[in-house]
Amino acid sequence: MDDTSAADGETPESDPPASETPADDGTTEAPQQPNGEFVVDYADAAEAFAAVGNEYRLRIVTELAETWEWPVPYSELRRRLDESDRGRLNYHLNELVGTFVWKEADEGYGLTQSGRRLASSVTAGRYHEDDRTRSTTAPGACVYCDATALRLEQPAQRGTLVCTACETELVDASFPVGAWNGRPAAEVPRVFDEYIVRISRSASRGICPACAGAMVAEPVPEVIDFSYAMGHACTACPRATTVPFGTLAWLDDTVRTFLHRAGVDTDERPFWTVPAMVDDDTLTVVSTDPVSVEVTFEVDDARCVATLDDTGTVTHVREEWDLG
Ligand SMILES: [Zn+2]
Ligand SMILES: [Zn+2]
């Protein structure tokens with residue numbers, strides 16, 4: 001996970017014969033109905049699924065998911081798959097490029113959104129025979145549509161918080177299925193809230209939530225539905241935790257003081273009702289080298305903008321009151 005591939009310095013002798021971008025093949029954008037909803041094309045979907053109906057290709061997709069940074073160089077992917085046969089790897093990669101995998105010439109490979117979803121489905125054991133999804137209503141209003149129609153779902157070892165009104169997934173995080181044991185299902189959302197906040201706090205302080213080992217952190221682009229988030233990786237065990245900048249800001253004392261003054265009880269509300277902790281629109285990327293972001297909290301007619309650096313530390317807080 002935290003392996004640095006630059007060390008081996010190997011460059012691919014030849015690029016796999018993959019097409020550059022799927023749009024180049026003359027296809028047009030997906031057909032749309034007048035109301036803007038996509039028409040389901042079952043033939044396209046069946047073709048896409050057929051392309052991943054192969055253990056080796058699923059291995060490629062899950063290997064590509066195991067990184068903080070895309071593209072993954074061809075040589076690195078080949079090493080991780082322990083593949084001596086270039087022709088075999090090239091052939092299967094070529095079958096994936098487009099729907100699940102993207103390719104950047106001379107740079108390497110990354111996962112499309114479909115590829116990311118596929119990888120998490122595979123690794124979360126959603127296709128394991130014993131899988132059964134647990135589900136219960138969750139408190140609070142949706143940050144996107146304001147409806148109180150939230151549900152916590154548990155496919156395998158993940159907790160997924162979805163709004164059934166606007167059909168948006170607000171949170172998708174590692175969550176032990178054991179949380180459903182020994183307590184009524186109605187109590188599990190509270191456990192999910194506390195668990196995620198505790199994990200985030202621990203990781204942000206450099207303490208591995210799994211083994212208490214030291215964690216190293218770096219900003220990671222395009223993860224957990226945010227344009228940037230902090231990735232925390234344990235130096236002693238395989239644990240990795242990604243924390244939104246909004247959560248790091250929400251945990252900061254100065255921001256909490258603002259929230260308390262604005263009348264927010266930070267102990268009462270579940271974290272998914274705080275826009276900064278789920279909605280990328282609250283995040284402004286000020287700079288990418290080094291990474292610097294701003295997170296905005298709005299409460300009634302008051303606003304607080306927290307600036308965070310590439311270590312995930314709040315370096316500046318700007319408050320505005322009586323905005324009317
Ligand atoms: Zn909603
Ligand atoms: Zn650890």
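## Strand pairing in a predicted model

In the hairpin formed by strands S4 and S5, where 3 residues lie between the strands, Ala156 adopts a positive phi near 55°. The model described here is predicted. Strand S4 (residues 150-154) pairs with S5 in the antiparallel sense over 4 bridges, and within this pairing Leu150 has Cys163 in S5 as its bridge partner.

Strand S5 (residues 158-163) also pairs on to strand S6 (residues 168-174), to which 6 bridges join it in an antiparallel arrangement, with Leu161 standing opposite Val171 in S6. The hairpin of S5 and S6 has 4 residues between the strands, and here Glu167 takes a positive phi near 55°. Of the 6 residues of S5, 5 are buried, so this strand is largely enclosed by the rest of the structure.

Another part of the model holds an open sheet of 4 strands, ordered S10-S11-S12-S13 with antiparallel pairing. Strand S10 (283-288) and strand S13 (314-320) are at the edges and have a single partner strand each, so one side of each is left without a neighbour in the sheet. Neighbouring strands of this sheet are turned against each other by 15° on average, direction ignored. Within it, Glu298 stands opposite Arg303 in S12, while helix H8 (residues 253-261) lies across S11, S12 and S13 and runs at about 20° to S13.

| Strand pair | Bridges |
|---|---|
| S4 and S5 | 4 bridges |
| S5 and S6 | 6 bridges |
| S11 (residues 291-299) and S12 (residues 302-308) | 7 bridges |

Terms used. Residues numbered from 1 in each chain as written. Chains lettered and ligands numbered in written order. Predicted model: local features only at pLDDT ≥ 70, side-chain atom pairs only at ≥ 80, totals over all residues. Pairing = 2+ DSSP bridges. Helix = DSSP H or I, 4+ residues; strand = E, 2+ residues; numbered from the N terminus. Axes fitted to C-alpha atoms, helices over the stretch in contact; angles between N-to-C directions. Contact = placed C-beta atoms within 7 Å. Buried ≥ 20, exposed ≤ 12 C-beta atoms within 10 Å, placed from the backbone.
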